[in-house]
Amino acid sequence: MQEHYAIVVGGGTGTRMGSDTPKQFLPLNGIPVAMHAIRAFHNSKYSPQIVVVIPSAQHGYWSELCEKYNFDIPHVVASGGKSRFESVKNGLAAVQLRCTDLSQSLIAVHDAARPLIAPTLIDATFDQAARYGAAALAIQSTNSVRLKSSNGLKNNAYPRQQVYLMQTPQTFNGVILSESYKLDEDNAFTDDASVVEKKGYPITLVDGDTRNIKITFPEDLRIAAILSGTYSGCTPDDTQ
């Protein structure tokens with residue numbers, strides 16, 4: 001019987017948000033950003049077992065938030081590392097403690113700062129990972145893409161139909177993800193798909209959604225509120 005897991009990674013510090021509160025804990029539509037992501041996984045068809053990865057120093061604060069918002073969706077909390085790579089590795093270790101057979105498991109990795117992920121997209125990555133072993137959400141670029149050189153922009157633009165912007169969740173067979181995260185950390189690892197590709201496994205792209213934004217800057221909270229249909233004209237300060 002196949003087992004389903006989700007590692008929700010929340011290691012943000014709030015630096016680019018200009019806030020003392022890490023972005024995954026900022027309120028959106030009445031609850032912290034991370035809780036939206038967790039709820040989406042819980043409400044998906046596969047309803048995976050959830051591991052939430054946050055820095056050790058924030059575990060107590062997370063417990064307080066769960067109590068404050070009556071957030072009772074079952075999940076396990078794991079400690080974040082110094083990098084996203086280390087945080088996912090720690091989340092994977094927590095999964096392995098609970099998993100009876102990695103070869104029969106599917107593990108999704110998702111950014112806690114992507115609160116608007118739709119359960120249907122989560123299901124789609126699990127479906128494709130079950131067929132092909134590794135699947136990741138991505139959207140095709142609608143913009144012209146150029147590389148910068150020391151002398152300015154390079155002359156040749158990349159064909160936009162060949163350029164994809166990666167999103168999460170990215171979902172993998174448990175053995176594939178486990179074997180990939182035995183690699184040494186590399187600056188070229190920008191997401192989990194890049195780690196798995198470095199190990200030699202192909203990635204199946206699944207159509208993502210432009211609404212599946214990542215909360216990075218203060219205006220992203222306003223955009224997320226608009227996209228979810230609850231925007232009331234708040235300012236970044238009002239959301240903290």
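I call a residue buried under 20% relative accessible area, exposed over 50%, and partly exposed in between, using a 1.4 Å probe and protein chains only. This is a predicted model, where local features need pLDDT of at least 70, side-chain atom pairs count only at pLDDT 80 or more, and totals for chains, interfaces and linings use all residues. Residues are numbered from 1 along each chain as its sequence is written, and side-chain values use heavy atoms, with hydrogens and water left out.

**Entry 1**

I started at V53. With 1% relative accessibility, V53 counts as buried. I found V53 in strand 4, residues 49-54. (Strands are DSSP runs of E, at least two residues; helices are runs of H or I, at least four; both are numbered from the N terminus.) I then listed contacts, meaning heavy atoms within 4.5 Å. Leaving out residues up to four places away in sequence, V53 touches, among others, I7, V8, V9, G80 and S87. I also checked K89: 36 residues from V53 in sequence, and 9.9 Å away in space, C-alpha to C-alpha.

S87 came next. It sits in helix 3, residues 84-98. Its relative accessibility is 4%, so S87 is buried. Beyond four places in sequence, S87 is in contact with V9, V53, G80 and G81. The S87 side chain reaches the backbone nitrogen of G81 at 2.9 Å.

**Entry 2: strand 6**

How many residues of strand 6 are buried? I counted seven of the seven in residues 105-111, so strand 6 is largely enclosed by the rest of the structure. S105, I107, V109 and D111 point one way; L106, A108 and H110 point the other way. In a regular strand, side chains alternate between the two faces of the sheet.

I looked up its partners next, where pairing requires at least two DSSP bridges between two strands. Strand 1, residues 3-9, pairs with strand 6 in the parallel sense over seven bridges. There, V9 stands opposite D111. Strand 10 pairs with strand 6 in the antiparallel sense over four bridges. Q170 in strand 10 is the bridge partner of V109.

**Entry 3: the second largest pocket**

Which residues lie nearest the centre of the second largest pocket? They are M166, Q167, Q170, T190 and D191, out of 16 lining residues. Strand 10 (164-173) and helix 6 (192-199) are the elements giving two or more residues to this lining. Strand 10 gives the largest share, five residues.

How values were computed
1 Å grid on protein atoms, 1.4 Å probe; cavity = no way out; pocket = protein on both sides within 12 Å on 5 of 7 lines; lining within 4 Å. Polar contact = N/O pair within 3.5 Å; in protein donor to acceptor, adjacent residues only side chain to side chain.
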